[in-house]
Amino acid sequence: MSAPKNLEQPRANALNEQFDRERSFSFLENLYLPEIFKALWYTLKQMFQPTITMEYPEEKWDPPSIFRGRPVLVEDNGKERCVACGLCARACPPLAISMQANEDSDDPKERYPDFFEINMLRCIYCGYCEEVCPEEAIVMSKDYDIVFESREEAIYDKQRLLVPKEDLEDRLEFLREYKNRQFGQFWDFQEENNIHSVRDRDKEFHSGLSLVEMLEQQRHNDDVEPESEWVR
């Protein structure tokens, strides 16, 4: 219920009289000269302080290994590690990654990206592609100085994305430590696991063994006596 108008008006007048909205300046403050001299003196002192800024672009910042720059593809022994599984493209929130897989019988990996493109205008440098990649084939680099003169130049193809593994050792080492902390000290990425060829699997799966024989052999390896339903 609102108060009567005759009661609200005296209260408002009392607040205006009690609290001053502006303070009164002294004679020197009205001249503004002392404040100007204070600012000049502060500026003069700062001129002789040690410099902590970099003279960019002559001096460029070297980011730490935790820094997330533009994503790049890891080039290992002259070839990309990527097996074109498509996880990075599916995990990318702004849909900046596109690829097309192809197969090569002479390549131990069998699969490779026929083309791989990243639209840097869409990329938000979140690192999700790096997180989901099972091969450590795409990582976030230290490159942050990216300039485009057209939209076409912002689309990086596979040749522009490939970076030798030796130039990414800091980031790869950081990922090993980061994933070990995340997964409880059991993550151990083996580079030789990049070969997924079915030709290199165990020979017993290509020797014509029946399903019953393989199950029986597996149970024998586990020191468990086979039940009648397995050998029936």
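D170 lies in helix α7 (residues 169-183), where helices are DSSP runs of H or I with at least four residues and strands are E runs of at least two, numbered from the N terminus. The model is predicted, so that local features need pLDDT of at least 70 and side-chain atom pairs count only at pLDDT 80 or more, while totals for chains, interfaces and linings use all residues. Residues are numbered from 1 along each chain as its sequence is written, and side-chain values use heavy atoms, with hydrogens and water left out.

Neighbours within four places in sequence aside, D170 is in contact (heavy atoms within 4.5 Å) with S65 and K142, and E130 with residues including I138, L175 and K179.

The table gives side-chain polar contacts, each a pair of N or O atoms within 3.5 Å; within protein, one must be able to donate a hydrogen and the other to accept it, and residues adjacent in sequence count only if both atoms are side-chain atoms.

| Side chains | Distance |
|---|---|
| D170 and K142 | 3.3 Å |
| E130 and R171 | 2.7 Å |

Elsewhere, three strands form an open antiparallel sheet in the order β3-β4-β6, strands being paired if DSSP finds at least two bridges between them. Two bridges join β4 (residues 111-119) to β6, and Y156 in β6 is the bridge partner of I118.
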